[in-house]
Amino acid sequence: MNLPIPWVMAPMADLTHACFRDLVAQWGGCGLYFTEMLNARIVASSRPEKDPYCAAGLKDRPRACQVVGDDPVVVAKAFEKLQALGRFDVFNFNLGCCRGMPARYGWGAALLQRPQRVREILREARRVLEGPFMVKMRIPEGPNETAQRWAELLHRCGVDAVVLHARYPRDLFKRPARWDVLKQWKRLLAIPLIGNGDVFSPQDGLRMMEETGCDGVMIGRAALMRPWIFSDLCHLRATGTLPDPPNVAHVVGQYGLLLRQRVPEREAVRRFRHFAFWICQNYSYGAYYYHKSCRASTLQAMVETLQGFVSRDSLPDYPVRPFMM
Ligand SMILES: Cc1cc2nc3c(=O)[nH]c(=O)nc-3n(C[C@H](O)[C@H](O)[C@H](O)COP(=O)(O)O)c2cc1C
């Protein structure tokens, strides 16, 4: 599986839909864009071509879709339908989510306690998928040989690459990511490893690669706060320096425009609120900016209110540290 550049945008529910992916593309792009997680049951039983969660952007290539579920037949059916759309370059199965709907159903990271079921799901998915197939997982709990067993399982099931979010499910987001485990997994895996967890600056991204030997770096929260972080990473690696940050009010305006052009007003307002929650965390008074902007009832008013705040404030240097979750 060859990525044009090794920086990957993480799948994030309510956030990484087509408009956000195109926003990232407009600000320099990344090596692989992810959809939000897609519920296998819904995809398998409906028409994904009409589903806004499965929509393609205009510039977000290569594009990966992520499926969450626990029934091998249903998951394979969902992948088959997504593949038939012809919109996705990479297919990903979620073994990492430990909150919300997946946690309630025993999907996502909960499946790490059921390796036999995971094996069945991956085999079935691999059978129907022609394109590159990845999993995204947290660190499985267990004795020392657990990592080795998982490395073999993934390889035998024909998985092409692994994203490891370097936390145990029980860590949630409460303790720092365990980059030492990435290093250990890199030594064990016969397939490429994409490291994930706590990259809060372009410098962190380069450091994760150097310290762990991973083949790519996935960025989640920092990309929500700075959708241009991937181009900063490319610039840093090429020149050793960081470019000036963009005008944040302009980024906010562009995102508003993308939503207005493609999403009905009600949904656009909801999507913009999620976006504002993260962009505002760049600023000391971000919680205030967020609550004030979200009080506006139209997309236009929200965009303008937020633009007013961010254009009067200055963007701090990296690293970005989210203070609301
Ligand atoms: C708001 C939010 C939504 C997320 N949704 C998903 C998801 O749909 N699928 C998934 O595999 N991980 C999801 N994650 C986890 C991220 O993909 C990523 O693994 C995690 O944030 C760690 O990376 P980071 O430290 O760069 O943020 C989500 C994380 C956040 C903060």
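## Cysteines

There are zero disulfides in this structure, a disulfide being a pair of cysteine sulfur atoms within 2.5 Å. This is a predicted model, where local features need pLDDT of at least 70 and side-chain atom pairs count only at pLDDT 80 or more, while totals for chains, interfaces and linings use all residues. Residues are numbered from 1 along each chain as its sequence is written, and side-chain values use heavy atoms, leaving out hydrogens and water.

Take C30: the closest cysteine sulfur belongs to C234 and sits 9.3 Å away, too far for a bond. C30 has 6% relative accessibility, so it counts as buried (under 20% relative accessible area; exposed is over 50%, partly exposed in between, with a 1.4 Å probe and protein chains only). For C280, the closest cysteine sulfur is that of C294, at 7.2 Å, again too far for a bond. C280 is buried too, at 0%.

Strand β4 covers residues 90–95, and six of the six are buried, so the rest of the structure largely encloses it. (Strands are DSSP runs of E, at least two residues, and helices are runs of H or I, at least four, numbered from the N terminus.) V90, N92 and N94 point one way, with F91, F93 and L95 pointing the other.

β4 pairs in the parallel sense with β3 (residues 63–68) over four bridges; pairing takes at least two DSSP bridges between the strands. Here Q66 stands opposite N92. Getting from β3 to β4, the chain passes through helix α3 (residues 72–85) in a right-handed β-α-β crossover, meaning that with the strands pointing away from the viewer, the path from the first strand over the helix to the second runs clockwise. β4 also runs parallel to β5 (residues 133–138), joined by five bridges, and F93 stands opposite V135.

## Helix α10

Helix α10 spans residues 229–239, and its buried residues are I229, F230, D232, L233 and L236. Down the helix axis they fall within an arc of 155 degrees, so they line one face; the arc is taken from the directions from the axis to the C-beta atoms. Their cover includes β1, α1, α8, β8 and α9. After α10 comes G240, with a positive phi near 80 degrees.

## G195 in β7

G195 lies in strand β7 (residues 193–196) and, at 0% relative accessibility, counts as buried. Beyond its neighbours within four places in sequence, G195 is in contact (heavy atoms within 4.5 Å) with residues including L164, L182, M208 and C214.
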